[in-house]
Every structure is written in structure tokens, then in C-alpha cells.
Amino acid sequence: MEELYLTYKGYAFSIAYRMLGVVADAEDVVQDCFAELQRKDRSEIRNMKAYVAKGITNRCLNFLNSPRNKREAYEGEWLPEPMAEIYDGPEATAERKDTLSYAFLVLLERLTPTERAVFVLREVFQYEYDDIAEMVDKSEANCRKIFSRAKRNLQSVPAGERMEPVIKHSREALMKRFIDAFDSYDINGMLELLGDQPVLISDGGGQVHTVLRPMIGRKGVAALLSSRRVLNRLRELEASFASVNGESHIIYRQHGEIVGVLCLELNRSGDRIQGLYLMLDPDKLGHVNP
């Protein structure tokens with residue numbers, strides 16, 4: 001049992017984290033799955049990897065559809081919990097690196113729980129439709145329809161093909177320009193950095209005052225980021241770069257403690273900012289530790 005746990009723990013967590021977007025909830029689902037596995041007669045299991053995937057997926061679906069999921073009553077916008085390190089098991093490949101990104105997790109929030117399960121199992125973990133059908137208790141034809149609908153809802157090409165690789169120092173040079181424009185209230189400098197239709201979403205969890213609704217569009221986002229009344233507290237904090245969900249992003253510290261994370265999604269060429277996801281909820285910053 002210990003060997004099974006060490007072999008599949010990272011794999012199980014990688015599914016649960018993408019499904020739930022919260023580290024503690026994903027860890028609880030993983031522990032529950034392996035606790036059930038310990039009690040089971042494992043000689044009956046022909047494919048342990050698929051069995052673990054099904055167990056994790058079903059538990060995540062139950063969680064997302066249960067009263068324990070309090071996102072509907074969440075104050076303001078809900079964003080996934082960022083992580084400094086992502087473990088994805090030995091099955092991870094360079095082609096799937098983009099599915100670890102914070103922007104990809106935000107994208108998944110547009111899907112229903114079932115769409116999310118089918119999309120993650122197919123797009124990220126490359127399962128065949130007959131395997132997915134067994135995992136989510138749907139027909140194979142239905143799973144194909146769900147996957148197609150999910151892709152339409154996302155209005156996105158498959159993960160891993162959305163943008164060209166951005167060299168770390170080029171990404172950090174752009175982020176440095178962003179910090180300079182933000183700190184100096186430079187609206188023209190901010191407009192030069194923003195893409196065609198940028199979006200800014202902030203999550204304070206009802207504990208930190210922040211922007212409660214998404215801001216969409218170049219002029220609106222630029223005006224908000226150069227305002228002397230909104231998000232001014234960030235200018236009083238120490239800004240630096242750190243790896244978050246496999247990419248370099250901006251973290252904000254106060255007296256050495258991380259109190260904010262700003263994840264920037266770049267466009268396909270990597271020279272403009274398309275998404276700005278600001279995490280200020282203190283309950284979601286515990287796993288950002290560069």
C-alpha cells in the first residue's frame with residue numbers, strides 16, 4: 001500500500017487540484033481515495049492508474065456538487081489557489097506544461113463540474129473516451145459531446161498550443177515594465193503592455209478590500225491600474241518575482257510575509273498581457289512559498 005501511495009499520490013493530486021483549484025480540498029480527496037483503496041481487495045483491480053483516476057474524479061464531482069462547495073456564496077470573484085510548486089507525477093510531459101499554468105486553472109472555472117472532469121481527463125491526461133465514460137458514468141458518445149461543448153465554452157484552442165514559449169528573462173522584463181508603470185500611475189505605459197481585450201480579476205475572499213467584479217477591456221483595465229484610489233495598497237508592498245504554477249509571476253510582501261500574488265497571462269507572442277489574476281485572500285496564499 002505504501003508503494004502504491006508513493007507511486008500514484010502525485011498523479012492523484014494533479015487531477016484533484018485541476019478539478020477543485022484548492023490545495024487542501026485536493027489533498028483531502030487524495031487521502032480519502034487511498035483510505036478507501038487500503039480497505040479494498042486490490043487483487044480485483046486490473047488497472048490501478050485508471051482506478052485511482054476514477055476514484056479521484058468521482059470524489060471531485062461529488063465535492064463540487066455538494067453543499068460543502070461554498071463558491072456560490074463566495075464574496076466577490078473566486079479564483080483558484082496558487083501554488084509555488086506543482087507535482088505532476090512521472091507521467092508529466094513538456095507538452096502538458098501549459099495545463100499547470102494559473103491561467104489554465106482560471107479557464108477551467110468556466111466549465112460545469114462534469115465538463116471540467118471530461119475536459120481534464122481528455123485534454124490533460126490523454127484518456128480515451130471509453131475510459132472517460134467509465135470514470136464519469138456517462139456513455140462514450142455523451143463524453144464526446146461534453147468535451148466538444150467544453151471546448152466551445154472555453155472558446156480556446158487545446159492547452160499547450162495557445163501561445164509560444166516565453167523565455168523567463170523576457171517574461172520578467174515585461175513584468176518589470178508592468179511594475180514600473182503600475183507604481184508610477186503611468187496609463188500610457190500600461191496601455192503599451194496590455195493586449196487587445198485584457199481582463200482583470202481580483203479575489204479578496206471577503207477579507208481584503210479589492211475589485212469585486214472583473215474588469216474587461218484595455219481602457220478600463222488601464223484606468224483601474226493607474227487609478228490613485230484603487231489597489232493603492234499594492235504600491236506600498238515589496239514586489240518581486242517567484243515561480244507560481246510553473247511560471248514566473250509577481251508576489252507582494254509586507255514585512256517579509258506574502259500578502260498578494262499577481263499572475264499575468266500573456267498573449268500568444270508573449271509581448272502583451274491578456275489576463276491579470278490578483279490573489280489577495282490570505283486563506284489562499286499558504287502554498288506560495290518561493
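In what order do the six strands of the open sheet lie? I read the order as β2-β1-β6-β5-β4-β3, with mixed pairing.

**Ground rules.** I am working on a predicted model, where local features need pLDDT of at least 70, side-chain atom pairs count only at pLDDT 80 or more, and totals for chains, interfaces and linings use all residues. Residues are numbered from 1 along each chain as its sequence is written, and side-chain values use heavy atoms, with hydrogens and water left out.

**Sheet.** I took strands (E, at least two residues) and helices (H or I, at least four) as DSSP runs, numbered from the N terminus. Two strands pair if DSSP finds at least two bridges between them. I noted β2 (215–216) and β3 as the edge strands, each pairing on one side only. Strand β3 (residues 238–244) pairs with strand β4 (residues 247–254) in the antiparallel sense, over seven bridges. In this pairing I found S240 opposite I251 in β4. The two strands β3 and β4 make a hairpin with two residues between them, and N245 in the turn has a positive phi of about 50°.

**Helix α7.** Just after α7, Q155 takes a positive phi of about 50°.

**Aromatic rings.** I paired rings of Phe, Tyr and Trp (its six-membered ring) if their centres lie within 6.5 Å; planes under 30 degrees apart count as stacked, over 60 as edge-to-face and the rest as tilted. The count by this rule is eight aromatic pairs. One of them is F13 with Y17, stacked at 5.7 Å centre to centre and 5° between the planes. Both F13 and Y17 belong to helix α1 (residues 2–20), four residues apart, about one turn of the helix, and both are buried. Y102 and Y277 form a tilted pair, at 6.2 Å centre to centre and 50° between the planes. This pair links distant parts of the chain, 175 residues apart: Y102 is in helix α4 (residues 102–108) and Y277 in strand β6 (residues 273–279). I looked up burial here too: Y102 has a relative accessible area of 1% and is buried, and Y277 is buried at 6%. F104, F119, Y129 and F147 form one aromatic cluster.

**Charges over rings.** I counted a charge as over a ring if NZ of Lys or CZ of Arg is within 6 Å of the ring centre and within 35 degrees of the ring normal. The charged end of K49 sits over the ring of Y11, 5.2 Å from its centre. R235 lies over the face of F182, 3.9 Å from the ring centre.

How values were computed: Buried < 20%, exposed > 50% of the residue type's maximum accessible area, 1.4 Å probe, protein only.
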